[in-house]
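Please look over the sequence and the structure first.

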Amino acid sequence: MQQCYSTHEPYLIPGNPVLFGKPIDWNTRHDDNALLPVLMRKCRFIANCKEPVYFESNHAFLKAFDRHAGALLKNVGFIHLVRHPAKVAKSELLREQLIYKARIPFVDYKSDTGDRYFRWALTGKETIYRHYTGHTLSRFQFYLLQWIEIEYRAMRLLKQNQWHDRVFFIDVDAQLKDEGVLRRMLQFFDLRHKRRFDMNLRRNKTPFVGPTVITSQDEREIQEVMENLPDNYKTMLKQEPYLRCFGWETFRQLMRGN
């Protein structure tokens, strides 16, 4: 793209908070006295960018910003990458295990209430997890529920703000490397771009880990999650854009069994 400021999870960029860590907990607890100044600082950074278009890919957005995006963001557009839920959960689990094994510092943070949380994840105190009180969730199940909650927030955000005409959906396994789809996306947002595309795209793979494999144990744990999943989440997963996503056959069978 041309005339565009782009960034991915802006660590160490002065004035542009990345929103991992405490902002996630503040959002979960609705502590807006702490959260809003951080979100407004990010909005000021975006407003002060010289380029006419600001683009950011960030896993923290729907974990920390979803409740206030409608009020704070102007002339917004979204690219919604729809990934396989079980593969996302397994990948998140493997990354967390690798991070702890490598003994990387500051991966946990202490919340204002004294709890310790993994910096890049939800806290486990979100509403969706309350439906599993009394159950001992595996970390894979935790991340599967995180994926479902994040997708639910995304669809709710679009509905509440009537932003359905501002989002472009991409089925990652089927469309991410399709040049025609990417060109339609840029036309959708009326973005200037170079005539030739570099399609040598790199997947953001977990280092030192092979392909993400969903085991029979994982499938049993998916079934356990689906048994207690509230109907509003199940209904979402049976609708577009999830209805026809490529490679979801086994996951859909597990959903239909509940």
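A residue counts as buried when its relative accessible area is under 20%. This is a predicted model. Trp248 has a relative accessible area of 1%, so Trp248 is buried. Two further residues fall under the same cut-off.

| Residue | Relative accessibility | Class |
|---|---|---|
| Trp248 | 1% | buried |
| Phe251 | 2% | buried |
| Asp66 | 7% | buried |

**Aromatic residues**

The structure holds 19 aromatic pairs. One of them joins Trp248 and Phe251: the ring centres lie 5.9 Å apart and the planes meet at 80°. Planes over 60 degrees apart count as edge-to-face, so this pair is edge-to-face. Trp248 is buried, and Phe251 is buried too.

Elsewhere, Phe61, Phe65, Phe78 and Trp163 form one aromatic cluster. A charge also meets a ring: the charged end of Arg139 sits over Phe142, 4.1 Å from the ring centre.

**Asp66**

Where is Asp66 found? Asp66 is in the loop between helix H3 (61–64) and helix H4 (69–72). Is Asp66 buried or exposed? At 7% relative accessibility, Asp66 is buried.

The side chain of Asp66 makes a polar contact of 2.8 Å with the side chain of Asn27. Leaving aside residues up to four places away in sequence, Asp66 touches Asn27, Phe61, Arg153, Arg156 and Leu157.

Note on methods: Residues are numbered from 1 along each chain as its sequence is written. This is a predicted model: local features need pLDDT of at least 70, side-chain atom pairs count only at pLDDT 80 or more; totals for chains, interfaces and linings use all residues. Side-chain values use heavy atoms; hydrogens and water are left out. Helices (H or I, at least four residues) and strands (E, at least two) are DSSP runs, numbered from the N terminus. Buried means under 20% relative accessible area, exposed over 50%, partly exposed in between (1.4 Å probe, protein chains only). A polar contact is a pair of N or O atoms within 3.5 Å; within protein, one must be able to donate a hydrogen and the other to accept it, and residues adjacent in sequence count only if both atoms are side-chain atoms. Contact means heavy atoms within 4.5 Å. Rings of Phe, Tyr and Trp (its six-membered ring) pair if their centres lie within 6.5 Å; planes under 30 degrees apart count as stacked, over 60 as edge-to-face and the rest as tilted. A charge sits over a ring if NZ of Lys or CZ of Arg is within 6 Å of the ring centre and within 35 degrees of the ring normal.
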